[in-house]
Amino acid sequence: MGGTNPYIEQAQYKTATKKFKVKFLPEGKIVEVDPEKLPYGHDGLPGSLLDIATGFHMGLDHACGGVCACSTCHVIVHEGLESCNEATDAEFDQLDEAPGLTAKSRLGCQCVPDGTSDMVVEIPEWNRNFAKEREH
Ligand code: FES
């Protein structure tokens with residue numbers, strides 16, 4: 001994990017215990033999340049949508065490194081939102097700054113699926129960062 005923000009309420013979450021799939025829009029790429037491989041990286045809560053997106057090089061921007069201090073990791077969860085932790089007030093505060101906010105919006109770094117449902121997640125056009133996330 002990239003770190004935590006000591007000035008906010010910490011999110012309560014439990015990570016997945018079984019494999020599940022996430023379809024990332026608009027490309028439609030489907031990835032399978034293996035709980036035994038979590039966390040995939042260092043940014044965002046372990047097992048968060050940001051962690052998954054960076055692990056599979058989906059190009060989700062994350063300017064603050066995943067500590068709930070920006071809104072560049074804004075995603076829209078079209079399916080599977082019920083399998084995710086509840087958003088904190090701090091997350092809602094950051095989401096208020098996000099362009100294109102919807103009722104299904106979450107911060108990718110704070111939204112942790114528990115694996116009980118497959119998911120469909122859209123990365124808004126303005127939060128896609130393919131320059132930083134290429135596979136090596
Ligand atoms: S990366 Fe900044 S709030 Fe998620």
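Modeller: Let's start with a cut-off: a disulfide is called when two cysteine sulfur atoms lie within 2.5 Å. Keep in mind that this is a predicted model.

Biologist: OK, how many disulfides does that rule give?

Modeller: The general idea is that a disulfide is a covalent bond between the sulfur atoms of two cysteines. Here the count is zero. Take Cys84: its closest cysteine sulfur, in Cys111, is 3.5 Å away, so the two are too far apart for a bond.

Biologist: And is Cys84 buried or exposed?

Modeller: Cys84 is buried, because its relative accessible area is 13% and the limit for buried is under 20%. Cys109 is buried as well, at 1%.

Biologist: Next, the sheet. What is the order of its strands?

Modeller: It's an open sheet of five strands, running E2-E1-E5-E3-E4, and the pairing is mixed. E2 and E4 (105-107) stand at the edges with a single partner strand each, so one side of each has no neighbour in the sheet. On average, neighbouring strands are turned by 35° against each other, direction ignored.

Biologist: Now the inside. How many residues does the largest nonpolar core have?

Modeller: In soluble globular proteins, nonpolar side chains tend to be buried together. In this model the largest nonpolar core has 26 residues, and Val22, Phe24, Leu49 and Met119 have the most contacts inside it. Strands E1 (20-25), E2, E3 and E5 (119-122) each give two or more residues, as do helices H1 and H2 (89-95). H1 supplies the largest share, four residues.

Biologist: Which residues is Leu49 in contact with, leaving aside neighbours within four places in sequence?

Modeller: With that exclusion, Leu49 touches Val75, Val77, Gly108, Cys111, Pro113, Met119 and Val121.

Biologist: How do I read an aromatic pair, and which residues form one here?

Modeller: A pair of aromatic rings is described by the distance of the centres and the angle of the planes. The whole structure holds one such pair. Tyr40 and Phe56 sit 5.2 Å apart, centre to centre, with 70° between the planes, which is edge-to-face. Tyr40 is in the loop between E2 (29-33) and H1 (49-55), while Phe56 is in the loop between H1 and E3 (74-79), so the pair ties together parts 16 residues apart in sequence. Tyr40 itself is partly exposed, with a relative accessible area of 24%.

Biologist: What about the loops: is Ser71 buried or exposed?

Modeller: Ser71 lies in the loop between H1 and E3, and at 14% relative accessible area it is buried. Beyond its neighbours within four places in sequence, Ser71 is in contact with Gln94, Glu97, Ala98, Leu107 and Asn127. Now look at Ala103, in the loop between H2 and E4: at 82% relative accessibility, Ala103 counts as exposed.

Conventions: Residues numbered from 1 in each chain as written. Predicted model: local features only at pLDDT ≥ 70, side-chain atom pairs only at ≥ 80, totals over all residues. Heavy atoms only, no water. Phe/Tyr/Trp six-rings, centres within 6.5 Å; stacked < 30°, edge-to-face > 60°. Buried < 20%, exposed > 50% of the residue type's maximum accessible area, 1.4 Å probe, protein only. Core = buried A, V, L, I, M, F, W, Y, C linked by side-chain atoms within 4.5 Å. Contact = heavy atoms within 4.5 Å. Pairing = 2+ DSSP bridges. Axes fitted to C-alpha atoms, helices over the stretch in contact; angles between N-to-C directions.
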